[in-house]
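Subject: Structure for you, with notes

Hello,

Here is the structure for you to look through. My notes follow below it.

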Amino acid sequence: MQRRIYDADHEAFRETVRTFLTKEVLPHYEQWEKDGIVSRDAWRAAGRQGLLGLAVPEEYGGGGNPDFRYAAVLAEEFTRAGAPGLAIGLHNDIIGPYLTSLATEEQKRRWLPGFCSGETITAIAMTEPGAGSDLQGIRTSAEDRGDHWLLNGSKTFISNGILADLVIVVAKTTPEGGAHGLSLLVVERGTEGFERGRNLDKIGQKAQDTAELFFNDVRVPKENLLGELNGAFVHLMTNLAQERMGIAMAAIAAAEHLLEITTTYVKEREAFGRPLAKLQHIRFEIAEMATECAVTRTFLDRCITDHANGELDHVHASMAKWWATELQKRVADRCLQLHGGYGYMTEYRVARAFTDGRIQTIYGGTTEIMKEIIGRSLLG
């Protein structure tokens, strides 16, 4: 089915993204996978190309274009290229809104130009070893010391954890407040007491640095409070719909690309003297995946359009997230199976997609949490 959500400007932007990937990312990606981290040069190149801070106002160095469909194009092209390591979606779509909507004028002028140029790489530190997705279980605390906050605690599974120059930390500022006693504090690279642990060894997305972070008597200036004191819960809930849409967009793009790859493979690969595509079972598998992808794409495009118009609610974002990521997981597994032994070889795109994509049903809220959100909205 012909997609109807993009116009000529979006497609021109798609060509820009593809050119950037071809020149600045793909020639280096194998090395980044081995290193477990991408080059900072790639972030600066993305800034020069105008891929960072698309929605940031021009006065702070951004693109000044809040149209979420451009973010969708970025997600689709990076996914098709198999390059999740350069976490532009995290930077633009998850962290960007916190800085543009919550930061003071002084904070915007201090942080956003580097955010847009690629000189300042960002991360958000919410997950803790013992808390997972439970905000009420957060133990990292910040004590009011008059002119600063004294921050203590640890975080884990933090994307961009090694490279990040600016980390938004979710910390407990009112101990008795539960989830409503949390605040967002911005910790900058080089702050005394802020330490990074190991670059975690994951089964997939190896080029994406993911780290443990430790805060030992870190003095965070009062002017680094982001948003309202004890307002983190509301701030986080406000931005989660966009985060989940970003994950969902990558998921359906991955499923579609895997289907393309596998369709080509079964046409060329022979077994018992004829192409795999001549076997009825193979045709049924392809037909099922194609139908599931088409139906999911229709729903996702509607969600993208609604979000671009400011009309998407958190329930439908949760639906998009769990459905598209579970589809991606199923399609990756079935496509690997159809590749046979070759699908298990890392030189084949399907093998890397299988391991890279497995995290999709976990981060940004697990499938089970998405279903709980939807169920509560329907049943109270």
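**What was found**

Gln337 is exposed, because its relative accessible area is 62%. Here buried means under 20% relative accessible area, exposed over 50%, and partly exposed in between (1.4 Å probe, protein chains only). Gln337 sits in helix α9. Helices (H or I, at least four residues) and strands (E, at least two) are DSSP runs, numbered from the N terminus. Gln337 and Val350 are 13 residues apart in sequence, and their C-alpha atoms are 9.7 Å apart in space.

Before you read on, note that this is a predicted model: local features need pLDDT of at least 70, side-chain atom pairs count only at pLDDT 80 or more, and totals for chains, interfaces and linings use all residues. Residues are numbered from 1 along each chain as its sequence is written, and side-chain values use heavy atoms, with hydrogens and water left out.

**Surface patch**

Tyr342, Tyr344 and Met345 make a nonpolar surface patch of about 360 Å². Patches are made of residues with over 30% relative accessible area and no salt bridge; like charges are joined within 9 Å, and nonpolar side chains (Val, Leu, Ile, Met, Phe, Trp, Tyr) within 5 Å. Accessible areas come from the Shrake-Rupley method with a 1.4 Å probe; for residues, only the protein chains shown count as cover. Tyr342 lies in the loop between α9 (314–338) and α10 (349–356). Tyr342 counts as partly exposed because its relative accessibility is 37%.

**Salt bridges**

How many salt bridges does a search of the whole structure find? The search finds 33. A salt bridge is a side-chain nitrogen of Lys or Arg within 4 Å of a carboxyl oxygen of Asp or Glu.

Take Glu33 and Arg352. Their side chains meet in a salt bridge at 3.6 Å, N to O. Glu33 lies in helix α2 (residues 29–35) and Arg352 in helix α10, so the pair ties together parts that are 319 residues apart in sequence. Glu33 counts as buried, at 12% relative accessibility.

Next come Arg297 and Glu256. Their side chains form a salt bridge at 2.9 Å, N to O. This pair links distant parts of the chain, with Arg297 in helix α8 and Glu256 in helix α7, 41 residues apart. Arg297 is buried, at 7% relative accessibility. Glu256 is partly exposed, at 23%.

Then look at Arg330 and Glu292. Their side chains meet in a salt bridge at 3.2 Å, N to O. Arg330 is in helix α9 and Glu292 in helix α8, so to speak two distant parts of the chain, 38 residues apart. Arg330 is partly exposed, with a relative accessible area of 30%. Glu292 is partly exposed too, with 24%.

There is also a network of salt bridges. It links Arg3, Glu11, Arg14, Glu15, Arg18, Glu76, Glu77, Glu256, Arg297 and Asp301.

**Second largest pocket**

The second largest pocket holds about 490 Å³ of space. Of the 27 residues that line this pocket, Pro66, Phe68, Pro97, Gln242 and His307 are the closest to its centre. On a 1 Å grid over the protein atoms alone, a pocket is an open set of points with protein on both sides within 12 Å along at least five of seven lines; lining residues have an atom within 4 Å of a point. Grid points are joined across faces, edges and corners, and a volume is the space filled by probe spheres set on the points.

Which helices each supply at least two residues of the lining? They include α4 (68–80), α5 (88–102), α7 (232–268) and α8 (280–308). By class, the lining has 13 nonpolar, 11 polar and three charged residues. Ala, Val, Leu, Ile, Met, Phe, Trp, Tyr, Cys and Pro count as nonpolar, Asp, Glu, Lys and Arg as charged, and the others, Gly among them, as polar.

**Backbone spots**

Val266 is in helix α7. Val266 is buried, at 2% relative accessibility. Val266 and Leu276 are 10 residues apart in sequence and 5.0 Å apart in space, C-alpha to C-alpha.

Gln205 is not a glycine, yet has a positive phi of about 45°. Gln205 lies in the loop between β6 (194–199) and β7 (210–221), and is buried at 12% relative accessibility.

Phe272 is not a glycine either, and has a positive phi of about 55°. Phe272 lies in the loop between β9 (270–271) and β10 (274–275). Phe272 is exposed, with a relative accessible area of 82%.

Best wishes

Technical notes. 1 Å grid on protein atoms, 1.4 Å probe; cavity = no way out; pocket = protein on both sides within 12 Å on 5 of 7 lines; lining within 4 Å.
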